[in-house]
Amino acid sequence: MRTPVLNVARSILGQPWHWRGGTVDGIDAGFEADDLITQLLLARGCPREAVELHRLPTIRGFMPDPSIFRDMDEAAARLADAVEHGEPVTIFGDYDVDGATSAALLIRLLRGLGLNPGFYIPDRLMEGYGPSGEALLKIGEGGTRLIVTVDCGAQAFEALKLASDAGIDVIVVDHHKCAAELPRTFALVNPNRLDEGEGAAHGHLAAVGVAFLLGAALLRVLRARNFFATRAEPKLIDLLDIVALGTVADVASLRGLNRAFVAQGIKVMAGRRNIGLAALIEASRLERAPTCTDLGFALGPRINAGGRVGKSDLGVRLLTTEDRDEARTIAAELDRLNEERRAIEKAVQEEAETLSGSQGNRSVAVVAAGGWHPGVIGIVAGRLKEKLGRPALVIALDKDGVGKGSGRSIGGVDLGAAILAAKDMGLLVAGGGHAMAAGVTVAPGGVDALADFLEERLASDVARARDDRALLLDAVVAPGGVTPSLVEALEAGGPYGAGWPAPRIAAGAVRVIKADVVGQGHVRTIVSGRDGRSIKTIAFRAADSALGQALLGAGPDRTLWIAGRPKVDDWGSRPAAELHVEDAAWAD
């Protein structure tokens, strides 16, 4: 049985505090007298024998043989034929960041091989997700006999059959869950195929990661055909900045190969060699080299804004342009659209939260309404999930009652599999996704039946996941230990993100010297410890929560343990550390 850290069995937010690596009777499980980084790696599931590999993740260290994936060799050979014969190729991508980066990667690579591929990004509102038969046939009528779909296509049975019947070869490069039956394609490269063998170990890859592996396989085939005897071989490694952006923005788990993609991709991005990315970094007002957090919260949302509330092809155009003026223009437009997206999102979120509050103790929050912009429902679903601590599905109903929905899940609850099951039961017009995220199309009047199905299927999984909930800590320090040097040391265990969580520490015991509400419900405090040192803290969007109320009402007469993520505040003349508080517990 685990002994709670600092004896916190029930915090202000109602959860115990445990060591991330786990303890048995208070003893760290598996930890020896290790340095800090080794402990961080082990606590995140890294095998001890692979610590050095994870400490400095490289592509060479994690790269699998692309041929382990089903249909990879067929896809690479078909693309190589197109390259050698100068055949027209069109890349069909999804309208989100993963789709945009996947498309951009293949476009830039094929350009380096002498082709000038076209691309097609469907309009979210007018065409919806994935390839339609109409779109594929239209591309074929324009002279293209080879189409590569990226980040979509795994469930496009009817559209892909129409393309095949018309003599169009379609290669699907995807990562979303597949059904037992696969659509008719020339090749379908997806680590989440149910018949996948060794490649299934890489099911956490984003589509852009799968596209990178296809690029590697393509170069290998062309190398074997002596294609580079008279021309330079493109450096696939130079495209890792795009891979890192798509991987982080798609919230792919930063384990294994993804860890190397992001670690090395951030280094490439720092050189700002991609003209479009450089313009986007400038438009995001980032003066330093981008971090993993910047990819997820600054750059990714701006590219997504094009597909959500603007023109769906803006992201691909930005990432593939070689014109600096065009890059600045597109980046500025994406920045403007991102501000517009925020305003729309805020309104939808407020309504969704109100609706979810009337659902009682439902295990899965399913909310639907007319007038919601389909471009922001995914973001709102994520916010709702975080606030409620349970899966959330947000559905926008059109004037005919057809619902377009996006869902986000919690750890231990496979939402994508549940959505595929609902589709098999005839409860959905369309649907798919992966464990943590999914999309649906619901027929008029079908929302309640879908909600009941998800409740019945997932209630036990949600209850189990919530019962197992605990705040996981990596270290306990005195307030004076929250310093920029500590933050720097912790960052060496990164990159951090989904599946590889950023370090969380507890500090205290502390007294609240000053507390107020700033911005949109953020609780800001200055706390002081027994060591005589004080630190600044902030609890985001917490003013109305039990945590926020405790911080605001604590006063200097009570002491608390506070827990959260240490960060460096570099706005002042000298960098200072602060704590982004996620929970607290009374110490007296």
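Leu6 is partly exposed, with a relative accessible area of 28%, and in this predicted model the residue sits in the segment before strand S1 (17–19). Leu6 also has a positive phi of about 55°, although this residue is not a glycine. The points below begin with the backbone and then turn to the chain as a whole.

**Backbone angles and peptide bonds**

- Most residues other than glycine have a negative phi, and most peptide bonds are trans.
- Asp151 is another residue other than glycine with a positive phi, near 65°, and its place is the loop between strand S6 (146–150) and helix H7 (157–165).
- Asp151 is buried, with a relative accessible area of 0%, whereas Leu6 is partly exposed.
- Gly494 and Pro495 are joined by a cis peptide bond with an omega of about 5°, and Pro495 belongs to the loop between helix H18 (484–491) and strand S16 (505–518).
- A cis peptide bond also links Gly508 to Ala509, with omega about -5°, and Ala509 lies in strand S16.

**Overall fold**

- The protein chain contains 19 helices and 20 strands.
- The radius of gyration is 24 Å, close to the 25 Å that the globule rule gives for 588 residues, so the chain is as compact as a globular protein of that length.
- Of the contacts with a separation of 6 or more, 65% are between residues 24 or more positions apart.

**Surface and charge**

- Buried residues make up 55% of the 588 residues, and the accessible surface comes to about 25000 Å², with 51% of that surface belonging to carbon and sulfur atoms.
- The chain carries 65 positive and 75 negative side chains, and the centres of these two sets lie 4 Å apart.

Notes. Residues numbered from 1 in each chain as written. Predicted model: local features only at pLDDT ≥ 70, side-chain atom pairs only at ≥ 80, totals over all residues. Heavy atoms only, no water. Helix = DSSP H or I, 4+ residues; strand = E, 2+ residues; numbered from the N terminus. Rg over C-alpha atoms; globule rule 2.2 N^0.38 Å. Buried < 20%, exposed > 50% of the residue type's maximum accessible area, 1.4 Å probe, protein only. Contact = heavy atoms within 4.5 Å. Areas by Shrake-Rupley, 256 points an atom, 1.4 Å probe, with all protein chains shown as cover. Lys, Arg positive; Asp, Glu negative; His and termini not counted. Charge placed at Lys NZ, Arg CZ, Asp CG, Glu CD.
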